[in-house]
Amino acid sequence: MEKAMSQTSNMHGVGESDGRILPTKGPNSEGRPKGEGLEERRPTKENTGPTAAARTQSRTTASYGREGVREAAHNDKKVRFTALLHHVTAPLLLNSYYELKKQAVPGVDGVTWQQYGTGLTERINDLHDQVQRGAYRAQPSKRAYIPKEDGRQRPLGIASLEDKIVQQALVTVLNEIYEQDFMGFSYGFRPSRSAHDALDALTVGLTRKKVNWVLDADIRGFFDNVDHEWMLKFLQHRIADRRVLRLVSKWLKAGVSEEGMWSETKKGTPQGAVISPLLANIYLHYVLDLWAHRWREKHAWGDVILTRYADDFVMGFQHRAEAERFLAELQERLRKFGLELHPEKTRLIEFGRFAEENRKRRGEGKPETFNFLGFTHICGRTRTKGWFTVKRKTIAKRLRAKLREVREQLRHRWHEPIAQTGAWLRSVVQGHFNYYAVPGNCGSLATFRTQVARAWHWALNRRSDRARMTWARFAPLIARWLPRARILRPYPQERFAVTHPR
């Protein structure tokens, strides 16, 4: 089978010449991957005998390039790809360069996106040549830190620009395979799957299924504890191209540079690397997703739901005993692969349509809440008929942190023209609303807008001790520059019905 896949992959390269970019040609753009399959996947095994998938691959009607990879991955869930790196062409590397963030902080090479654009065609062709010859060398990630909500620092790894380009190109190729494998309840960092899709799926599951208990789980330091050996083993279920595996191994073992000092990375994948989200999804696909789906099919008597966004996931159970049993087995499962649940951030809470009545009967007060993807989820009732629903509010810590950021920025904008500051604030408020303007969250939106207006009013009055900005003069500025609080997102059931028609 691997031999057949190798021949097919070579066939897909016909007409690409040596894969280089001619100076007069621009970047090529290939089609987007199709929707993924949702069925359970087992660890794949090498199959050297002829199969229907192999025959399908050899037909002249098979599409060329990455679409052929996607078709083969979809038709045979056990096929291992022996020749993938030739799909990392110079045009794909050029497209990957344009997909990178233009204002990103440079890595250890000190090269910015704009600087790399000088002599771009020659640079891309040279990079492509290095990758195909095996001469490409990964550079260490530059260590940087960003503050977390609890006051601690989150370590990031900033890759060099050429590492980002090659990683982005390889992610594009590997997505053709893994989008056929990943489960339907996996949403993080996947094509055409946003955080709001995950939020909608969770809300629909909580309201439509018989959920009485919610497991709010947090994997402690997931990106820092990914086991390199297990990561490569998981990749080998689908990837038999040794050059691709060597590339991934180079990035995992490239190390970290902090203040000019290099340190080895024996485990983990750097947060901030372009390929890290895909590697994280592959790792958790085999460690969590397939296992949890199999557990639900074989061991659960009641309803069980799961929604995962990268390393953050929430599960719902009908029966408490099953939730407790799953949690105990999950902890053992994660330990096998070098992971563990955060003891303080992992909770099993009573949540669902009967939670309020049951807790009131026991004299335990209102049901507990849980946080997921920026929202606090609360047991509630509809206004008209009193049916159970899930209310979502902006997490209070997130709201306060954003307001602190706005106030700090305003301190540096005291002497800017009012129109310039107003335009900036409009983009800030509108960006906040674009994410948080979900049904039921209008109160938090109004609070954010009001507090931003007060911060701006305070900043304007600090510009001069003589000319004070009264609220009467300030009100037209608010109306002109700050968008009004209104719901921008559809109800979860409506959008879920569109994206997942039954």
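The expected span of a helix is 1.5 Å times one less than its number of residues. In this predicted model, helix α14 (residues 396-411) has 16 residues and extends 23 Å from its first C-alpha to its last, close to the expected 22 Å.

Leu 399, Leu 403, Val 406 and Leu 410 are the buried residues of α14. They lie on the same side of the helix, because they cover an arc of only 60° around the axis. An α-helix has 3.6 residues a turn, so residues three or four places apart point the same way. The buried residues of α14 pack against β11 (388-394), α15 (418-436) and α16 (442-462). On the face turned away from the buried side, α14 carries the exposed residues Lys 397 and Arg 404.

**The four-stranded sheet**

An open sheet is formed by four strands in the order β6-β7-β3-β8, with antiparallel pairing. β6 (304-309) and β8 (347-350) stand at the edges with a single partner strand each, so one side of each has no neighbour in the sheet. From one strand to the next, the twist averages 15°. Strands β3 (residues 213-218) and β7 (residues 312-317) pair in the antiparallel sense over six bridges; the bridge partner of Leu 215 in β7 is Met 315.

| Helix | Strands contacted | Angle |
|---|---|---|
| α8 (residues 195-208) | β3, β6 and β7 | about 165° to β6 |

Terms used
Residues numbered from 1 in each chain as written. Predicted model: local features only at pLDDT ≥ 70, side-chain atom pairs only at ≥ 80, totals over all residues. Heavy atoms only, no water. Helix = DSSP H or I, 4+ residues; strand = E, 2+ residues; numbered from the N terminus. Buried < 20%, exposed > 50% of the residue type's maximum accessible area, 1.4 Å probe, protein only. Arc of directions from axis to C-beta. Contact = heavy atoms within 4.5 Å. Pairing = 2+ DSSP bridges. Axes fitted to C-alpha atoms, helices over the stretch in contact; angles between N-to-C directions.
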